[in-house]
Amino acid sequence: RLEQVRLGLPRFAPRTEAETMAAIYTWWNILDAEMYDHDAKYKYQTGYLREMQLKRMVQLVRETGARRYCEIGMNGGHSVAAVLQSTPNVSATVFDMMAFNYSWPVAGLLHAQYGRRFKLHPGNSRATVPRWLHANGMGGAKAPGAADKAPSAAASAGAAGGRGHAGHACDLILIDGDHTAGCRSDMVLMSNAASPRARVVVDDIQMPPGKALARLNATGLMRILETYGPYSARSRDP
């Protein structure tokens with residue numbers, strides 16, 4: 001039902017699993033329309049999480065009691081909207097190149113709805129993530145194979161870390177930015193921000209991110225606990 005709240009706050013807050021998923025899918029419809037309105041020819045507008053992956057992401061938010069979600073690669077905002085809609089207790093720190101015609105309009109929608117819970121760092125993650133880490137006392141990149149690690153898992157793959165400072169550490173991380181060999185840099189950088197029991201999701205593991213993840217798993221910096229896919233088709237459940 002609708003609540004009586006002050007102006008600027010949402011009047012409807014999902015109370016059940018069904019309401020949460022309906023709210024997320026409604027958000028996805030809005031984001032799809034915004035993307036299409038600003039860039040109708042972009043072919044990856046439906047390239048976000050599948051339904052089974054979405055449900056696992058929502059589960060991970062709740063299982064970890066996540067307070068901060070960190071994401072590299074916002075694209076159309078579907079993943080961050082799903083996380084923010086799944087609980088009012090999580091905030092999002094997002095890194096994105098803002099390279100598409102719809103990037104800023106999407107960011108505007110998310111900021112209008114979630115306010116301070118949505119923090120965007122525009123630009124190349126190889127510059128913006130180290131700057132954010134330094135500003136929050138989390139140091140620089142950690143060499144693959146560094147010894148400090150902690151239990152973790154993932155929805156599309158998995159990971160570990162444990163150096164993030166309280167108040168800024170990431171409890172749930174999505175790596176979905178660079179899809180070349182450079183994606184390894186994103187994974188290593190974000191390991192510095194991972195809370196001791198962080199969960200890390202790596203998307204598109206049939207591409208270079210999967211190879212980078214496998215290598216970091218072998219070094220012990222990240223630990224694969226579960227996988228979905230890899231998929232080669234568009235975002236549609238089997």
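1. The second largest pocket of this predicted model has a volume of about 530 Å³. A pocket here is an open set of points on a 1 Å grid over the protein atoms alone, where a 1.4 Å probe fits, with protein on both sides within 12 Å along at least five of seven lines; lining residues have an atom within 4 Å of a point. The volume is the space filled by probe spheres set on the points.

2. Of the 21 lining residues, Pro 10, Pro 88, Gln 113, Tyr 114 and Arg 117 are the closest to the pocket's centre. Two or more lining residues come from each of α1 (17–38), α3 (78–86) and α4 (103–114), and α4 gives the most, with 4 residues. Helices (H or I, at least four residues) and strands (E, at least two) are DSSP runs, numbered from the N terminus.

3. The protein also contains an open sheet of 5 strands in the order β3-β2-β1-β4-β5, with parallel pairing; two strands pair if DSSP finds at least two bridges between them. Because β3 (118–122) and β5 (194–202) stand at the edges with a single partner strand each, one side of each lacks a neighbour in the sheet.

4. Strand β1 (residues 68–72) runs parallel to β2 (residues 91–96) and is joined to β2 by 5 bridges. Ile 72 has Phe 95 of β2 as its bridge partner. Helix α5 (residues 125–135) packs on the sheet and touches β1, β2, β3 and β4 (170–175), with its direction at about 145° to that of β2. Such angles run from 0 to 180 degrees between N-to-C directions, on axes fitted to C-alpha atoms, for helices over the stretch in contact.

5. The average pLDDT, the predictor's confidence in each residue from 0 to 100, is 82, and 81% of the residues score at least 70. Over residues 141–162 the pLDDT is below 50, although this stretch has 93 contacts in the model beyond near neighbours in sequence, a contact meaning heavy atoms within 4.5 Å. Where pLDDT is low, the predicted coordinates should not be read in detail.

6. Residues are numbered from 1 along each chain as its sequence is written, and side-chain values use heavy atoms, leaving out hydrogens and water. Local features need pLDDT of at least 70 and side-chain atom pairs count only at pLDDT 80 or more, whereas totals for chains, interfaces and linings use all residues.
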